[in-house]
Amino acid sequence: MCVSVTVRVGLVFLGSALLPLSCSQGQDPFAWLHGPQGLRYGSLQPDTAGGECPDECDCPPSFPVAMYCDGRGLTAMPSIPSRMKYLYLQNNAINAVPDSALVNATNLVWLMMHYNQLTSDAIGEKAFLQLKGLERLYLQHNNLTAFPPNLPRTLQDLRINNNKIEKVTLADLEGMDNLTILYLHDNAVTDTGTSLKALKSLTLLEISGNKLTKVPEAFPEHLHQLYMESNSIDSLPDGFLGQFTQLQYVRMAHNQLTDKGIPANAFNVTGLIELDLSFNKLERIPPVSTKLQHLYLQANQIKEFTLGSFCSVVDVTNFSELQTLRLDGNQIGLEDIPTDSSLCLRLTSSIEV
């Protein structure tokens, strides 16, 4: 049941990938987005610098530093001309990356190997060692049980989700000072130790769908988005959110959080914009900052609507900036909302109970 008919929910969409501009002059800079077919021009000759394009792949003459081998049914790594910067190998059945596979591909900036059949024991110790300029590596949806060894420390975007990784060690991530995005969700991680603290530039950490029973020991202080949904976390450490200077989005839905496991004012921090605590075991609405804009508490065990959780003082200049509030699937109804709640929640477009 909603107090208001209008529902506005702020959603944050993250682009799955930023796209390089074509170096060609006088052409549509986004033509390469249409794939190799949209990049072939009959008057252009293939570029063979650094080696021939393998028959099983496409190397568009209009974008000679990109090689498209995606969805070709490959079971082994193709030969890679040394001029290549962008290599697309996703949606194949590649099961190994031997030490020699990338020895000629030292100029790679992007390497896309998601949706293959890679296993950890089939990745060579030195397979990625020569990729001194690699910025983006996609390894999601494989069969990895550990981080590959010697990953380039130049990485900015690492996606290794939907594998079978159980542990993250300091050696896996140490020195990745440029990494801003880490997708580690849907693995079997039980512990990260202090490994995440080393990621000085990390702004987005997605570690949902693992086997965490507690919040990781240390995080980078500049995180902007933290997603830990669908774990088994039942409590939070003291000062959990106080360690962050730029955190705006926290999602901890589908955990085992209880009132007892949440320190006082744990979520009452001014920087937060969105907080998702749905599908936990909370019996009370936790105090939140008046600056919070979106709060999701559906499917808990909340029995009382406490207006003080949103406003300690209400007047012309003191009120909550909350826009979205979901309380459906709890043990309260419309009649439990105080009549003077509109003074505190004057910007809230809807309250779902």
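Modeller: Let us begin with burial: a residue is buried under 20% relative accessible area, exposed over 50% and partly exposed in between, using a 1.4 Å probe and protein chains only. Tyrosine 88 has a relative accessible area of 8%, so tyrosine 88 is buried. Tyrosine 68 counts as buried because its relative accessibility is 6%. Of the 353 residues of the chain, 49% count as buried. Please note that this is a predicted model, in which local features need pLDDT of at least 70 and side-chain atom pairs count only at pLDDT 80 or more, while totals for chains, interfaces and linings use all residues. Residues are numbered from 1 along each chain as its sequence is written, and side-chain values use heavy atoms, with hydrogens and water left out.

Biologist: How many helices and strands does the chain have?

Modeller: Helices (H or I, at least four residues) and strands (E, at least two) are DSSP runs, numbered from the N terminus. The chain has 2 helices and 13 strands.

Biologist: How is a pair of aromatic rings described?

Modeller: A pair of aromatic rings is described by the distance of the centres and the angle of the planes. Rings of Phe, Tyr and Trp (its six-membered ring) pair if their centres lie within 6.5 Å; planes under 30 degrees apart count as stacked, over 60 as edge-to-face and the rest as tilted. By this rule there are 7 aromatic pairs. One of them joins phenylalanine 63 and tyrosine 86, which are stacked at 5.7 Å centre to centre with 15 degrees between the planes. Phenylalanine 63 lies in the segment before strand S1 (66-68) and tyrosine 86 in strand S2 (residues 86-88), so the pair ties together parts that are 23 residues apart in sequence. Phenylalanine 63 and tyrosine 86 are both buried. Tyrosine 68 and tyrosine 88 also form a stacked pair, with 4.8 Å centre to centre and 5 degrees between the planes. Since tyrosine 68 lies in strand S1 and tyrosine 88 in strand S2, this pair ties together parts that are 20 residues apart in sequence. Ring pairs also link Phe63, Tyr86 and Trp110 into a cluster.

Biologist: Which charged end sits over the ring of tryptophan 110?

Modeller: A charge sits over a ring if NZ of Lys or CZ of Arg is within 6 Å of the ring centre and within 35 degrees of the ring normal. The charged end of arginine 136 sits over the ring of tryptophan 110, 4.8 Å from its centre. Likewise, the charged end of arginine 159 is placed over the ring of tyrosine 183, 4.4 Å from the centre of that ring.

Biologist: Is leucine 297 buried or exposed?

Modeller: Leucine 297 counts as buried because its relative accessibility is 0%. Leucine 297 is in the loop between strand S11 (294-296) and strand S12 (324-326). Contact means heavy atoms within 4.5 Å. Not counting residues up to four places away in sequence, leucine 297 touches several residues, including Leu277, Ile285, Pro286 and Arg326.
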